[in-house]
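Okay, thanks for having me.

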Amino acid sequence: MLPLPLCVSLRILTMSKILIQQGYIMTGLINRLLSHDDAGKLLLRLAVGGLMLFHGIGKLLTGAAGIKGLLASFGLPEFIAYGTYFGEIVAPVFIILGILTRPSALLVSFTMVVAWLMIGVNKTFMLDPTGAWAIESLMYFFISGIALAFIGPGKYSVMKNPAWR
């Protein structure tokens, strides 16, 4: 008969081995259940496109006067302000629908670079009143746009021809 401490140690070792095996089974099951890359791409498209579209609709309702004034203060032509509609309305709608997703995502990212250069450079190393990074939303849209450009739209798209996704 084994001494009690050794017996307990062997039992704990056996139970640990069983728990580890069950852990592998559980993580494998979770990985299989959640392995839907195309659904993840769709959710990312809906989030990026949908949230950016709110910005565009806001500008559509209030007009481009504020952006025109900002451009004029930088000595840039005011007609550039209308490019905002492409970056914040057309591109997000295309992203949501899965049409020309990669170029549309790059356009959203480019729009964020322009926004950062115009209003965010001096806020790059600052926090907002709630303690968040002052350019957090700019970075969210910029990085998400780059990510979408890399991963593409996935299979859930209104376009059947992959060349137009």
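Predicted model: local features only at pLDDT ≥ 70, side-chain atom pairs only at ≥ 80, totals over all residues.

Residues are numbered from 1 along each chain as its sequence is written, and side-chain values use heavy atoms, with hydrogens and water left out.

Let's start at Leu 100, in the loop between α4 (83-97) and α5 (101-120). Helices here are DSSP runs of H or I, at least four residues, numbered from the N terminus. Phi of Leu 100 is near 45°, a positive value in a residue other than glycine. Leu 100 is partly exposed at 27% relative accessible area; that label sits between buried, under 20%, and exposed, over 50%, with a 1.4 Å probe and protein chains only.

Now into α5 itself. Its buried residues include Thr 101, Ser 104, Val 108, Thr 111 and Met 112. The buried residues of α5 pack against α2, α3 (65-73), α4 and α6. Take Ser 104, which is buried with a relative accessible area of 6%. Beyond its neighbours within four places in sequence, Ser 104 is in contact (heavy atoms within 4.5 Å) with Ala 91, Phe 94, Ile 95 and Ile 99.

Which residues touch the most other members of the largest nonpolar core? They're Val 108 and Phe 141, in a core of 13 residues. The elements giving two or more residues to this core are α2 (37-62), α4, α5 and α6 (136-151). By nonpolar core I mean a set of buried Ala, Val, Leu, Ile, Met, Phe, Trp, Tyr and Cys residues joined through side-chain atoms within 4.5 Å. There's also a second, separate core of eight residues, with Ala 64, Ile 67, Ala 81 and Ile 89 among them.

Going back to Val 108, and again skipping neighbours within four places in sequence, its contacts are Met 52, Gly 87, Ala 91, Pro 92, Ile 95 and Phe 141.

Last, the lining of the largest pocket. Where does its largest share come from? From α5, with 10 residues. α2, α3, α4, α5 and α6 each supply at least two residues of that lining.

That's my tour, happy to take questions.
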